[in-house]
Every structure is written in structure tokens, then in C-alpha cells.
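These are my notebook entries on a structure that is new to me. I wrote down each item as I looked it up.

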Amino acid sequence: MASVTSLASTLQQLLADALTAAQATDGPADPLLRRSDRADFQANGILALAKKAKANPRELATTVLAALPANELVKDIEVSGPGFLNITLTDRAITETLAARAADADRLGVAKDPAAGTTVIDYAQPNVAKEMHVGHLRSAVIGDAMAKIMEFAGESVVRRHHIGDWGTQFGMLIQYLTEHPHELDHSPAAGQSEEAAGEEAMSSLNRIYKAARALFDSDEEFKARSRDRVVQLQAGDPESVALWQRFVDESKVYFFSVFDKLEMDIQDADIVGESGYNDMLEETCRILEESGVAVRSEGALCVFFDDVKGPDGNPTPLIVKKTNGGYGYAATDLSAIRDRVGNLKADTLLYVVDVRQSLHFKMVFETARRAGWLTDEVTAHQLGFGTVLGQDGKPFKTREGETVRLVDLLDEAIERASSVVREKAQDLDEDEIAERAAQVGIGAVKYADLSTSAARDYKFDLDQMVSLTGDTSVYIQYAHARIRSILRKAGDAAPVAHPELELAPAERALGLHLDAFGAVLTEVAAEYAPHKLAGYLYQLASLYTTFYAECPVLKAETPAQVENRLFLCDLTARTLHRGMSLLGIHTPERL
């Protein structure tokens, strides 16, 4: 299906041509079109053009109106105030445009970006042999949504999960496993679920970590053996590498179980941790030093920046290689950039990481630019996210002050959602209630995260998240389920557009918002702003609620009106479904 030009875009071009025809501007003219509560749209651009031309804005507005050709889009235009244009569209144009969108089953008339390229997105980066906690939630949820949105926009997206799978702690763990070789031995029970296998894997890893840490802290000889083991691991000793791989594999069993609960599809091939760049580290350092980008300072290989200074006023460098010969995080991140640009042919690198890492990535990106790995054609961006807070406005902790396990948080969300679903359920059996509870609970957690601007902190309030009122995923899911119920009850009546019909105010408002779906997605993809899609979907559900209250559907006055309102219902449901799926949230047929 061909993409559908939005009403706003068609009107924008019509007004721009009229501005040019009225000789209001020599070059391209922007009428500065926006939605208005006084009409369908308001154009404010004439004021700036009149000021530039030293003309009377109301007179210029009148001249522009005279230059507008006859068309089937505009019903009425009035000059308002100092020179605003208030524009009302024809009902026919609205319905015909929506019908064209509805005819496109897959994309609802939304165009793909003709200039799309390749983006490598780095998100969902848990640590091997460590439990995932609430701090891992935002990178996973935001990254998964942005990957889906960019793919829908036409971008070729390569996912990368830069897990923490390397470091000195592995010497301690591997040495302990060498001396206690059966600690990771366990066989999954017949028919064991992925969730149960993940819990068992994490239980074993936690037990080994605590035992190894206790021994490391109390036994100097074990500590020495552990440090020797790090050297052996980094040198590629086969036994050490094989035991390290066991920790990685066991951790992946756990990771996959958590991501499965989050309803995220993580592919093993996309997991390229810190260790994946080990073979590139020395070459990265050599290139940086030989090119003069990095210099030796007190034995370490560093990159300095004029605008990055410490509390004492002295420059704070990016340390690429430590004095002792070890590699810093910067060496791994810079090697990853080389790989993603050189081998994966990325035009854009997107990092979904905590805003508290902003200074590190600012220095890494600038170093990569100096080295020529990032250019005007190949760019890198940090989609920084804020902190998940508790009700007290402080970082979210348990009552005992511990970091909240991500699995526990998700389980509680599903449990809260279960009571909401059970209260509303009319014809669902226990299995269906359990399935809906997971969809509603996980959706509630994701939406609360995604509906907040990524850089902002937000309070984790499960009661609000699973509420049927307010800006929640449950409100949107319920609106979708209500529409599906109406469509099931329609009998022989079908959703059919009737452009000849006059639209009620609530129908017009709903229709104009439906038509804006593509423009919103374009903005969301360009700005890496999934919260704007969440806001659009909440407003769509709210406008549908008003339409439902003011415009009888199955009891409309004529058969044609029944069909047209069913058509609006159907397109609204499909738009909600598509939009929520891009956020990684289910829209059940029944709730």
C-alpha cells in the first residue's frame, strides 16, 4: 500500500503555495500550522512574514486567502486577531483520508523514512553472575520500544546487549569453582519452565558469589590464587576460559527468563558483552596513541578535554589504558564503536544508558570523533534515562534498604493486575485471567516508564500503574477491549466509511487525531522520544471515550451512520493496537 499524506501535510503545502503566490516570501514559506481549539488548525506564520516584509499582517492574511485555489480540503478559513488563520476542514476530507489509512492493513498509511539508514542500538545490559534489579528496567524497556519504533519507521536496526561479562571478579568466581567443581551442577526438571530454570540458575550464581566473596575476604591465600586466576583468564588459559563460559551461559539462562517475563525478544546473537571486544583493545590503544588523540600521563594512556575538569580545576582525562596495563571501560567502548561503524556499517549509534554516565559517553564520543571513527555522516547519541524512585522520592529500595529485584517487582505488578482483571472479567476462565494479568501488569510497568520523558526520574507507584483511570496502560487497554466488544456485537453491520455524512464534533476530534499517527511516529523516531507516542495513545483513548459517550454507535440514527461510527471504532482500535505494540505492550481483545 502507498503511504497516505496527512490532512495537516496537505494543508501545510496548500498554505505554503498560497504564501508564495501572494508574494509574501521569496523562498519556501512555513505557515506554522498547529492544531487549535478555535478551529481544526491555526496558521501563525503570517505574522513573522508580515514583519519581515513590513506589511500589515491582517492585509497579508487576506491576500493569502485570495491566493488559495479552490479545493475539497478546506471548508472555512477566517482571519483572527492580528493575522492568524483559523482553518476548518471538510468532513468529507477527514473521512476519505481515514478510509485510505484503514485500507492499509499493516501500516495504517504511515510512510517509511526514505532516508533511513542503519542504527546500532545498545540497551538491556545486565551483568553476568549478578541479579537484575530495578535499575535494569529502564534501559531494557526504553531500548526495546525505540528499536521497534525505528524499525517501523524503515530504519535497519541492529540490537546490541553490552553485558558485563569481564573483569577481576571473575578470577574469584572461577577459582572458587575450580576448588568446588560441582557448585554449578544442576539438571532441569522435566517440563521445567523458563522462569523456573532462570530462578534456579540465579540461585546457584548467588550462592557461589556469596561463598566466593566470603572466602576472598577471609582467606589471603585464596585471594592470591584468585588474582593469579585473573591473569590466566586474560591470557586465554583454556580451563579458565571454559569455567568463565559456564558463568556466562548460566547467567544467560537467567537473563532470558527475566526478559521473557518482560515480553521482550532477546536474541543470543545480539548479546555481545565486554569480552567480545578483547581482541581489539590493544589495537584501539595503539591507534589512539599513534594518532596523538591519546597521550601518556603518569604511565596511563589518556585523552584530555579542555571543558572537562575535576573539583580541583585540573583536567579530568578519559583513561583508556591504566598504569598497570589494564584496560579501562573507555577502551572497550571505543573498540565497540570501531566494530559497529567498521563491521556493522552503522550510520547511527544509540546508547540507552543512565544519565549519570553522560560525562563518560561525552568523552568517549569526542575521542571517537577525534580518531575519525565518528564523522558528520556517522553519529552517536546517548538516550539517557533517569532513576526509578520510591514513594519517598528516593531511589527505589526495599524496606530493608536493599535494591529491589526486578523479578519481584514484575511479579507484584502481575499480582496487582490480576485483581483488576478479575474484577472486570465477565467471560474469562482462570487461564485467561492469568494471561491477561501478565499482559496488564507488565504493560503497566512498561507504560509508566515509557510515558515519562526518559531523562526524568519517576516514582514507581503500582497502585497508580494498574488504575483504570488516568494516564495508564490499563486505561488504553480497556478502551481497546471496549471497542472490540462493540465490534463483536455489531452483528451484520460492518465498519464502512461514509464520506458523505456530516461528522459530530467528537467524531471530528477523534478523526483528526487518528490522522496524526504517522506524524507522531516520525517525531518519536527522530527525537528518540517514546513518551510522545505514549502521550498520543493516551489522548487517542481519551478522545475515543468522549466519542463513545456522545455518539451512539450501534444505536445511531441511520444504518450509514452505524457503519461510519463502526469504521471510526475499528480504525481507533487498530491504531491503539499498533501504537501499543511499538511500545512492547499487549492490547487484549477482552478485559
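I began with Tyr528, and I counted Tyr528 as buried because its relative accessibility is 19%, where buried means under 20% relative accessible area, exposed means over 50% and partly exposed lies in between, with a 1.4 Å probe and protein chains only. Tyr528 has a positive phi of about 50° although it is not a glycine, and I found it in the loop between helix H18 (517–527) and helix H19 (530–550). Helices (H or I, at least four residues) and strands (E, at least two) are DSSP runs, numbered from the N terminus.

Before going on I noted that this is a predicted model, in which local features need pLDDT of at least 70 and side-chain atom pairs count only at pLDDT 80 or more, while totals for chains, interfaces and linings use all residues. I also noted that residues are numbered from 1 along each chain as its sequence is written, and that side-chain values use heavy atoms, with hydrogens and water left out.

Lys345 sits in the loop between H11 and E10, and I recorded it as exposed because its relative accessibility is 57%.

Next I took the chain as a whole. I listed 20 helices and 13 strands in the protein chain, and its C-alpha atoms fill a box of roughly 90 × 65 × 45 Å along the principal axes. Of the 591 residues, 51% count as buried. With contact meaning heavy atoms within 4.5 Å, I noted that among contacts between residues at least 6 apart in sequence, 73% join residues at least 24 apart.

I then turned to helix H11 (residues 329–342), whose 14 residues should span 20 Å at 1.5 Å a residue, and its end C-alpha atoms are 20 Å apart, which agrees. The expected span is 1.5 Å times one less than the number of residues. In H11, 12 of the 14 residues are buried, so that I wrote the helix down as mostly covered. Among the buried residues I noted Ala330, Leu334, Ile337 and Val341, and also the charged-looking names Asp333 and Arg338. The cover over the buried residues of H11 includes strand E5 (118–122), strand E6 (156–160), helix H10 (281–290) and helix H12 (358–371).

I looked at helix H5 (residues 137–152) in the same way, and its 16 residues reach 23 Å from the first C-alpha to the last, close to the 22 Å expected. H5 is mostly covered, with 14 of its 16 residues buried, and it is followed by Gly154, whose phi is positive, near 110°.

Ala294 was my next stop, in the loop between H10 and strand E7 (295–297). Ala294 is buried, with a relative accessible area of 2%. Its contacts, not counting residues up to four places away in sequence, are Leu288, Glu289, Leu301, Cys302 and Val303. I also noted that Ala294 and Thr367 lie 73 residues apart in sequence but 8.5 Å apart in space, C-alpha to C-alpha.

Axes are lines fitted to C-alpha atoms, for helices over the stretch in contact, and angles run from 0 to 180 degrees between N-to-C directions. Helix H17 (residues 505–515) packs on H20 at an angle of about 35°, with the axes 11 Å apart. The contact is made by Glu507, Leu510 and Leu514 of H17, and on the H20 side by residues including Asn564, Arg565 and Leu568.

For helix H16 (residues 473–488) and H20, I found that the axes come within 9 Å and cross at roughly 140°. Among the residues that meet here are Ile476, His480 and Ile483 in H16, and Cys569, Ala573 and Met580 in H20. By class, this contact has 10 nonpolar, five polar and three charged residues.
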